[in-house]
Amino acid sequence: MIPPDHAPAFLAAHGWGDAQIRPLAGDASFRRYFRVTAPGRQAVLMDAPPPHEDPRPFIAVAEWLCARGLTAPAILARDLDKGLLLIEDFGDIRLRETLDAAPHDESDHYAGITDLLVHLHSEPPMEGLPVHGLDQWLDEVMLFTDWYCPAMDIEPDRDAFRAAWQAVLAPVEADGLPRVTVLRDYHAENIMLVPGRDGIAHYGLLDFQDALVGHPAYDLASVLEDARRDVSPAVEAAMLDRYVAATGQGEAFRTAYWALAAQRNTRILGVFVRLWKRDGKEGYRRFQPRMWGLLERDLAHPALVPVRIWFDANVPAAKRAEAWMERGI
C-alpha cells in the first residue's frame, strides 16, 4: 500500500502539503484508501486509478445521498484525470467491529440501519443510475455456474439453473413495488458510526459507487444476510418486520426479500471463488461456509422451490459448506 507518485502534488495543490499519508484500506476492486493527517485535521485519500476505476459515480452518489439527509463523505478535492479524491474522514468506528465488541447492541444498530433504508426508499430513485432487474439478476447468478462449479469439479445443468432462477425471480420483477436507489454493498463493513451525529445520520455510508435502481428488498437482504458477519436470525426477522411495518409492504415484499437474498448469496459464492482463482485474493475463501449457511436458509422458503430442486440435483452436500470447512480449500 504505497500511495501513487502524484499524490503529494495533488495534496499540496489543495492545501494539504504538510500532510502525512498512511495506508488505510484496500478492497475487492482496484481502489485503495489512505489516511491523510495534518495538524488539527485529517481526511481520506481515495486512489481510483484509471482506466480500471472512475471516481465520478462515487462523487455523484455521495452528493445525492448528502442532499437527502444521509451521511456520505463530503468531497474535499478531486483530480478526475488521475483518479484521486480527497474525502471526509469518518474516523475509525466501524459498525462491524462495534458489533463484535458489543453484540448486545445488535438490535439497536440494525434498527437504525433499517430505518436508514426506509428513509432512502421514501425518496424517488436517483436519476441516471443503471437498472438492476431480472436480466441483471439472471446474469449475476450465473457466476455460480461459471466460477464455483468448475472450482468444485461440478458439471452443472446451466440451462436448468437459469430456468429455475427465471421461475423464482420473474414474479419479483413483476411485483409492482416501487423501485428505489440500491446501494448494493450495504453491510456492516461499509457503515461507519460518525461521532456527533444522531439518528440515521449517525451511520456513515461507504462503497456506494455501484449504486443502481432496483428492488427495495435488495439492500435489506444485503445487510441482514451479511457475507462477513453473522446476523442472528431473530434480528433478521425483527428487522424485516420493522421495515414492512414502516413502509406498509406486504407478502410480495417478503417473498422478494428471500428470493433476492438467495440470488445475492448465490452470486457471492461465485464472486468469492473468482476473487480467489482469478485475482489471487485467497482470503475470500473463508466466507464460503457462512454464504452456504445463508443460502441454505433462503432455499427453505417456499418461493425458492425451483432453485432448491436444482441445487439438490446438481450440488451434493459434500461440495457445499463442508467442502470449505473440512478440506481447507
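Guide: A salt bridge is a side-chain nitrogen of Lys or Arg within 4 Å of a carboxyl oxygen of Asp or Glu. This model is predicted, and it holds 32 salt bridges.

Visitor: Which residue forms a salt bridge with Glu 123?

Guide: The partner is Arg 68, with 3.9 Å between the closest N and O atoms. The two lie 55 residues apart and link distant parts of the chain: Glu 123 is in the loop between α4 and α5, and Arg 68 in the loop between α2 and β4.

Visitor: Why does Glu 123 count as partly exposed?

Guide: Buried means under 20% relative accessible area, and exposed means over 50%. Glu 123 counts as partly exposed because its relative accessibility is 24%. Arg 68 is partly exposed too, at 27%.

Visitor: Are Arg 228 and Glu 189 buried or exposed?

Guide: Both are buried. They form a salt bridge whose closest N and O atoms are 3.6 Å apart. Shared partners join Arg 228 and Glu 189 with Arg 94, Arg 96, Glu 97 and Asp 100 into one network of salt bridges.

Visitor: How does one look for cavities?

Guide: Rolling a probe the size of a water molecule over the atoms shows where empty space is left.

Visitor: Which residues line the largest cavity?

Guide: Among them are Leu 183, Asp 185, Tyr 186 and Phe 208. By class, the lining has six nonpolar, one polar and two charged residues.

Methods: Residues are numbered from 1 along each chain as its sequence is written. This is a predicted model: local features need pLDDT of at least 70, side-chain atom pairs count only at pLDDT 80 or more; totals for chains, interfaces and linings use all residues. Side-chain values use heavy atoms; hydrogens and water are left out. On a 1 Å grid over the protein atoms alone, a cavity is a set of points where a 1.4 Å probe fits but cannot get out, and a pocket is an open set with protein on both sides within 12 Å along at least five of seven lines; lining residues have an atom within 4 Å of a point. Ala, Val, Leu, Ile, Met, Phe, Trp, Tyr, Cys and Pro count as nonpolar, Asp, Glu, Lys and Arg as charged, and the others, Gly among them, as polar. Helices (H or I, at least four residues) and strands (E, at least two) are DSSP runs, numbered from the N terminus. Buried means under 20% relative accessible area, exposed over 50%, partly exposed in between (1.4 Å probe, protein chains only).
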